Amino acid sequence: MHDARSVENILENIIHDEFPQGEGIQSISIVSKTGLMIAGRSASSARAETFSAMAAIMFSAAEATKHDIFKDRIEHVLAVFHNTKLIIAELSSSMLIVATVDREVDDQRVLASMSKIVTMTREELPWLR
């Protein structure tokens, strides 16, 4: 039998399983590299599209820097604010995972959970590379 769940629903379930509410996690979202919100919860519910576009632009700028200057592989983008951190990592060749967390939350814990989301996504949606 064919699984009728949408890609968005599958991604929502994966996010929810790995990042339950609370624990210093403000928002987790999946955005396309073109800046469209795909799944999850944006840091700004009123401006979800703007937030998604900005996250995609930041990652794109970091990638451009990588290609032009460092000649190295990008792992993630981290922006640290007074009370919050923004972490952006690649989910697939066309999507990003974006997390906003309280400043005191351990980066490695968040990155480990983001990595699990990448693994679970590849298992659930093997065609999404």
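A residue counts as buried when its relative accessible area is under 20%. By that criterion, Val110, Leu111, Ser113, Met114, Ile117, Val118 and Thr121 are buried in α3 of this predicted model. Viewed along the axis of α3, these buried residues fall within an arc of 160°, so they line one face of the helix. The face turned away from the buried side carries exposed residues, Gln108 and Glu123.

In soluble globular proteins, nonpolar side chains tend to be buried together. Here the largest nonpolar core has 24 residues, and Ile30, Val110 and Met114 are those with the most contacts inside it. Two or more residues each are given to this core by α1 (7-18), β1 (25-32), β4 (84-90), β5 (95-102) and α3 (107-124). The largest share, five residues, comes from α3. Apart from this core lies another, of 12 residues, including Val31, Ala56, Ile74 and Leu96.

Neighbours within four places in sequence aside, Val110 is in contact with Phe19, Ile25, Ile87, Ala99, Val101 and Val105.

The charged residues form a second theme. Side chains of opposite charge can pair when their charged atoms come close. The structure holds three salt bridges. In one of them, the side chains of Lys33 and Glu63 meet at 3.8 Å, N to O. Lys33 lies in the loop between β1 and β2 (37-40), while Glu63 belongs to helix α2 (residues 48-70), so this pair ties together parts that are 30 residues apart in sequence. Lys33 also forms a salt bridge with Glu90, with the closest N and O atoms 2.2 Å apart. Since Glu90 is in strand β4 and Lys33 in the loop between β1 and β2, the pair ties together parts that are 57 residues apart in sequence. Lys33 is partly exposed, at a relative accessible area of 27%, and Glu90 is also partly exposed, at 34% relative accessibility.

Another salt bridge joins Asp107 to Lys85, and here the closest N and O atoms are 2.3 Å apart. Asp107 lies in helix α3 and Lys85 in strand β4, so the pair ties together parts that are 22 residues apart in sequence. Asp107 counts as partly exposed, at 21% relative accessibility, whereas Lys85 is buried, with a relative accessible area of 7%. Salt bridges with shared partners join Lys33, Glu63 and Glu90 into one network.

What surrounds the buried Lys85? Leaving out residues up to four places away in sequence, Lys85 touches Leu78, Ala79, Val80, Ala99, Thr100, Val101, Asp102, Arg103, Val105 and Asp107.

Key:
Residues numbered from 1 in each chain as written. Predicted model: local features only at pLDDT ≥ 70, side-chain atom pairs only at ≥ 80, totals over all residues. Heavy atoms only, no water. Core = buried A, V, L, I, M, F, W, Y, C linked by side-chain atoms within 4.5 Å. Buried < 20%, exposed > 50% of the residue type's maximum accessible area, 1.4 Å probe, protein only. Helix = DSSP H or I, 4+ residues; strand = E, 2+ residues; numbered from the N terminus. Contact = heavy atoms within 4.5 Å. Salt bridge = Lys/Arg side-chain N within 4 Å of Asp/Glu carboxyl O. Arc of directions from axis to C-beta.
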